[in-house]
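Hi everyone, thanks for coming.

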Amino acid sequence: MIRKDFTAVSAFSVIAAFAAGAALCSQFSQTDLQVGLQASTPVLWAVEAVIFGTAVFIWCSRASFFGWILGIASLMIFRVAVASAGGMVVVFTQGMGDPGAALEQTAGLVPRACAILFSLMACYPLRVFLPLRESQAIRRGRGFADSAAVRSATAATGDGDRGLLIVTVKNRADDEEQVPAFTPQAASPGAVPRLDIEGEIELPLSRVLTLLPEEVVTDKALALGDSQSLIISLDAIHPQLREGQVLFTLGELRGMLPPAVRKALVQPSDSEAEVESTPVALPLEVIVPQLPPEALELPPPSPPSWAEVDGTDTIVFATT
Amino acid sequence: MASINYALKEISCKVVYYGPGMCGKTTNLQYIHQHTVPDKRGNMVSLATPGERTLFFDFLPLEASQVHGFRTKFQLYTVPGQVMYNSTRKLVLRAVDGIIFVCDSQWDKMRENVESFRNLAENLASYGYSLETTPYVVQYNKRDLDNTAPVDYLQYTINPRQVPQFEAVAIQGDGVFDTLNCICTLVLAQMPQKQKAGTI
């Protein structure tokens with residue numbers, strides 16, 4: 001697999017480093033440069049492994065264990081290749097008949113160090129191919145995608161072959177202690193321009209009483225309410241129609257009730273003050289049918305400019 | 001945001017179904033998914049709660065007929081309608097090209113419809129968009145139920161400007177494709193202007 005972060009420049013640098021390493025290795029193998037330090041071959045290999053392991057760790061700390069081992073092995077192979085190439089250069093340039101002797105010379109300390117250095121330079125661009133550790137997040141995500149919940153959800157819907165995937169997730173909102181409640185807001189009467197429409201809306205009182213707070217409604221009031229209606233001026237209702245609700249507080253509704261029913265309710269002095277300010281939503285399904293046509297009259301159409309479409313290019317979806 | 005790939009001759013647009021909770025947004029998408037030819041749509045992804053309420057969004061990619069030699073692709077999204085998921089709704093609205101506002105026609109949902117519509121305007125404003133510049137249509141869903149408000153009252157509350165509106169029964173598929181076709185037409189019709197403005 002060609003990776004986009006391994007470019008032609010990277011490939012060239014690998015080749016260039018390899019060639020330079022081989023040339024220098026061959027050069028150093030022919031000099032009389034003596035290094036006092038002598039070490040056995042296994043020790044040298046071990047030192048090489050440590051150097052290469054450290055290099056791989058620095059280059060790619062996220063490499064997996066397999067990637068780390070692969071990196072060290074690759075570097076060692078490269079080091080041997082550079083040294084061997086250096087030995088071959090000696091054979092060809094010096095006309096030495098014994099390649100083995102030439103290779104022994106490149107195994108000296110100085111040529112070896114040169115080979116190590118240039119193998120590091122050559123392999124540095126190749127670090128992008130090292131396999132990486134899976135991050136915790138990716139592991140969790142993949143586990144979720146492969147989880148039994150997903151498989152069972154797909155099977156349960158019976159739409160697995162349609163590609164419909166419904167994943168049920170525990171609703172974290174259920175665990176929250178405080179969830180912002182969606183409460184209807186009382187409309188401000190002045191928000192909508194009031195039309196000069198006369199009229200009244202008549203609401204069955206029995207229906208209205210069922211909407212009042214329970215602690216205020218008495219049996220006597222309910223009995224009286226069966227045969228009476230609540231009359232509300234259209235002026236008071238119309239500004240709220242566009243809000244999708246018609247709200248009055250309990251205190252406001254008290255003033256609109258027939259006197260007998262008003263007296264039958266629990267009196268304000270006896271009920272808590274906050275109960276009086278409780279908003280009561282009147283039934284729209286009773287109000288709206290009684291509205292005169294002009295109450296719901298719309299202004300002249302004023303769609304935005306994007307709505308002006310000639311319709312010649314109609315979109316068609318391929319339906320079954 | 002809409003994108004045009006001249007090399008592949010493809011136009012890609014994003015359409016969002018918006019509305020209060022349980023109004024039928026996901027139902028719209030499910031119906032579209034079940035009734036479009038499989039090779040013209042992708043998999044529908046739904047992230048929902050055990051009660052089948054949308055938690056994050058629903059997503060469905062669709063391909064439509066060619067327009068002026070360009071393949072048209074639409075990415076359909078729905079938002080979670082519950083009030084508490086406003087931040088998610090805002091995220092889904094990012095880079096939107098067209099909106100279908102789904103209303104629940106029931107009487108006791110009227111206030112939620114109004115609140116949701118205002119919420120839509122607020123969330124668009126947070127990105128510098130507005131309903132003046134973003135095409136939208138209104139779908140009055142659940143017209144088959146008994147306790148529904150008349151369309152003229154729904155128009156009065158939600159659509160006084162009288163942008164295109166459709167009555168629908170999404171669970172049966174009535175009005176679903178009509179609504180979708182209309183918004184897609186409006187979105188594509190706006191492409192030349194957006195190109196001139198340099199927004200695509």
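Let's start with Val15(B): leaving aside residues up to four places away in sequence, Val15(B) touches Phe74(B), Leu76(B), Asp97(B), Gly98(B), Ile100(B), Ile183(B), Cys184(B) and Val187(B). Touching, or being in contact, means that the C-beta atoms of two residues, placed from the backbone, lie within 7 Å.

A word on the source: this is a predicted model, where local features need pLDDT of at least 70 and side-chain atom pairs count only at pLDDT 80 or more, while totals for chains, interfaces and linings use all residues. Residues are numbered from 1 along each chain as its sequence is written, and chains are lettered from A and ligands numbered from 1 in the order in which they are written.

Now, the cores. A nonpolar core is a set of buried Ala, Val, Leu, Ile, Met, Phe, Trp, Tyr and Cys residues joined through C-beta atoms within 7 Å. Buried means 20 or more other C-beta atoms within 10 Å of a residue's own, exposed means 12 or fewer, and partly exposed is in between, with C-beta atoms placed from the backbone.

Which residues touch the most other members of the largest nonpolar core? They are Val15(B), Val16(B), Phe101(B) and Ile183(B), out of 82 residues. Helix α5 of chain B, residues 176–189, gives the most to this core, with 9 residues. Helices (H or I, at least four residues) and strands (E, at least two) are DSSP runs, numbered from the N terminus.

Finally, Ile171(B) sits in the loop between β8 (165–167) and α5 of chain B. Why is Ile171(B) called partly exposed? Because 15 other C-beta atoms lie within 10 Å.
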